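User: I would like to learn how to read surface, fold and charge features from a model. Please take them one at a time.

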Amino acid sequence: MNGISLPEKMMAEAEALLAADKAAEALPLLETLARGAPSADNIRKLVDCCLRAGCHEAAFNYQKQLLALKPTGANWVLLAEMALGQGAVESALDIFLNALAAHPEDPVILQAAVGSLERVNCRVYDPVLARFLILLLERPDQNPLSVYAYAAQQVASAPPFQQLLAKAKTKTGPVLEELSPLTELPLLPVLLKRALIQGPDLETALIAIRKCLLIAFTGGSVLDEKATVLLYGIAAQCFAGEYIYRETVPEAQAIAALEADLCQQKGSVERQKQAAVIVACYRPIARNPAKAAVVELARDHGDPDFSAFCVRQIKQPEEEARIAEGIETLYAPRDLVSCHVKEQYEMSPYPRWWAANRILKRSLAEDLRRQIPACPIADFPDMPERPEILIAGCGTGQHAIMVGNSIENGVVTALDLSRNSLAYAIRKAREMAVTNITFYQADILELSPWQRRFDVIESMGVLHHMGDPMAGWRILTGLLADRGLMKIGLYSNLARQDIIRIRALIADWGFDDSLDGIRAVRERIRDGADLGEEMRQSILSAYDFYSRGGCHDLLLHRQEYCFSIPEISRALSELGLEFMGFQLSHSGIQQKYRAEYPDDICMRDLDCWHAFETRYPGIFSNMYAFWVKKAR
Ligand SMILES: C[S@@+](CC[C@H](N)C(=O)[O-])C[C@H]1O[C@@H](n2cnc3c(N)ncnc32)[C@H](O)[C@@H]1O
């Protein structure tokens with residue numbers, strides 16, 4: 001063959017063999033080529049060929065070589081995926097750890113790393129996995145509840161924790177020395193500071209550790225460095241859960257005495273700081289008589305841990321209080337139910353959150369395609385260059401900030417009844433430097449006179465808290481531009497049967513929604529006397545059970561209504577809206593639906609979905625989340 005070099009000839013031969021599905025025969029040719037010219041391109045071909053020939057170990061080694069030549073996020077991820085595919089879990093986690101150290105901002109690596117956790121599925125404590133979880137927990141751009149739950153499970157399965165738990169379940173509880181083995185679990189303090197811990201055993205242990213530290217301190221013991229690390233962690237956790245844990249009368253008395261000592265600045269500075277953190281394990285320090293003394297301690301004797309503690313538990317709540325005063329009211333609530341619900345969220349802004357998932361900036365169209373992949377592209381109306389987006393009932397702002405952060409050129413307006421929730425949202429938006437959101441206080445039910453129109457309206461978990469959800473939905477529909485899109489989130493009656501039953505029981509028990517009432521409800525559920533074990537477990541496994549705001553929202557909401565799919569279908573006809581598709585919480589639901597309803601290509605036949613949900617009542621346990629547009 002005139003003019004063709006030997007390597008070109010070998011490559012042509014190898015490609016012909018690959019095309020004929022003879023990867024094993026192509027392999028030696030590609031290996032020779034790569035030895036002669038170890039370019040990234042040649043090695044990539046070699047990796048692909050090895051994988052196709054089933055030579056996984058060789059593929060892994062060549063991928064390492066490729067990575068050295070081209071250390072891109074995609075190459076790191078492929079290497080980790082190969083290790084996972086071979087069951088080499090620790091090696092895969094190590095690769096992700098190195099990849100994130102080399103490319104901390106790469107969303108491809110981050111997403112793959114978080115996604116890999118589902119496949120790791122390790123039920124015993126593993127130090128490498130713990131290191132990996134610490135890295136994820138410490139990032140400000142990661143918030144999957146799955147990571148929190150996994151980290152909590154890892155801690156709960158560790159032998160030092162198990163020993164402590166056994167002690168915690170005895171009448172006397174642990175003594176100070178018995179806390180030391182917990183320092184072998186570096187994941188524990190990070191989890192305490194960065195996440196809300198869920199699980200009844202963890203709660204039992206934390207309550208016992210808190211009490212043990214209080215008794216030791218007030219008994220005159222010195223809390224060493226290790227105990228202090230735990231103490232700061234527990235203070236952060238109790239603050240995050242809004243002081244939902246039960247306490248005994250002697251503990252309450254000891255805390256009152258400590259508060260008095262703090263006010264009088266008794267003891268050394270070190271003792272005063274520890275006393276402050278102990279009090280903050282039981283009471284919100286920003287609203288405590290000892291606050292001024294604590295602020296003084298931070299000013300005069302700054303140390304990083306104590307300063308961070310004061311920022312989180314004093315400065316930020318103060319900042320929110322200042323912000324709340326300055327929020328503009330667009331349309332004040334007048335409806336009785338709205339006022340009642342507002343009061344609830346003023347008491348307990350919900351959900352409290354710490355980090356928001358980083359998503360690559362993308363166009364609105366691209367975002368919608370990802371959310372409802374079965375919807376034909378032709379069905380998405382063209383969107384303006386700078387889409388106006390309304391988040392109606394934004395609560396504490398996590399969703400609004402994610403939208404503001406991820407939609408290219410999005411101009412976001414976010415409103416809510418609750419000033420305290422909005423203040424939390426505004427503080428977080430400032431912290432994250434998100435500047436394209438305007439926040440207002442407003443009642444959706446009062447928005448009829450508003451002249452603005454929006455290209456997108458999203459209202460997740462809001463309408464079902466109105467006395468007349470259809471009235472709210474009608475008003476939002478009126479605010480939608482003609483070619484606009486709307487995303488709605490509504491409770492599912494079928495999915496919430498356990499909650500509906502427990503709410504009826506709670507009404508019988510007669511507890512109110514004060515902190516004491518919520519604590520009492522939780523104790524009753526934890527004892528489980530009036531509940532079946534299945535229902536008890538289902539509630540104890542809910543993330544919301546572990547904070548005051550969450551518990552209030554989950555079990556004692558002042559107003560909620562659960563929908564069925566036929567009701568949604570009727571509402572859409574009445575409002576002149578067309579269903580575009582559900583956003584599903586995981587891909588397994590889509591696969592199952594497709595297998596059972598292959599004729600519903602666009603996955604938007606609500607009769608089929610109703611039959612499907614009736615068969616699998618848990619599939620919408622988060623909520624129905626769906627997109628609609630104005631019917632033509
Ligand atoms: C469960 S929270 C959901 C918050 C947010 N959408 C989210 O997904 O995180 C419900 C929010 O709806 C707000 N809300 C309820 N009724 C409302 C109304 N009539 N007008 C405006 N906001 C309302 C509440 O104040 C509360 O913050």
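Analyst: Start with the surface: the protein chain has an accessible surface of about 27900 Å², and 53% of that belongs to carbon and sulfur atoms. Accessible areas come from the Shrake-Rupley method with a 1.4 Å probe, and for residues only the protein chains shown count as cover. This is a predicted model: local features need pLDDT of at least 70, side-chain atom pairs count only at pLDDT 80 or more, and totals for chains, interfaces and linings use all residues. Residues are numbered from 1 along each chain as its sequence is written, and side-chain values use heavy atoms, with hydrogens and water left out.

User: What share of the residues of the protein chain count as buried?

Analyst: Buried means under 20% relative accessible area, exposed over 50%, and partly exposed in between (1.4 Å probe, protein chains only). Here 53% of the 632 residues count as buried.

User: How many helices and strands does the protein chain have?

Analyst: Helices (H or I, at least four residues) and strands (E, at least two) are DSSP runs, numbered from the N terminus. The protein chain has 29 helices and 8 strands. Its radius of gyration is 28 Å, close to the 26 Å from the globule rule for 632 residues, so the protein chain is as compact as a globular protein of that length. That radius is taken over C-alpha atoms, and the rule is 2.2 Å times the number of residues to the power 0.38.

User: How many salt bridges does the structure hold?

Analyst: Side chains of opposite charge can pair when their charged atoms come close. A salt bridge is a side-chain nitrogen of Lys or Arg within 4 Å of a carboxyl oxygen of Asp or Glu. The structure holds 36 of them. One joins Arg246 and Glu523 at 3.1 Å, N to O. This pair links distant parts of the chain, 277 residues apart: Arg246 is in the loop between helix H13 (225-240) and helix H14 (249-263), and Glu523 is in helix H24 (residues 515-527). Arg246 counts as partly exposed, at 35% relative accessibility.

User: Which residue does Arg283 meet in a salt bridge?

Analyst: The partner of Arg283 is Glu247, at 2.9 Å, N to O. Arg283 lies in the loop between helix H15 (269-280) and helix H16 (291-300), and Glu247 in the loop between H13 and H14, so the pair ties together parts 36 residues apart in sequence.

User: Where do Arg370 and Glu366 lie?

Analyst: Both are in helix H19 (residues 364-371), 4 residues apart, a separation of about one helical turn.
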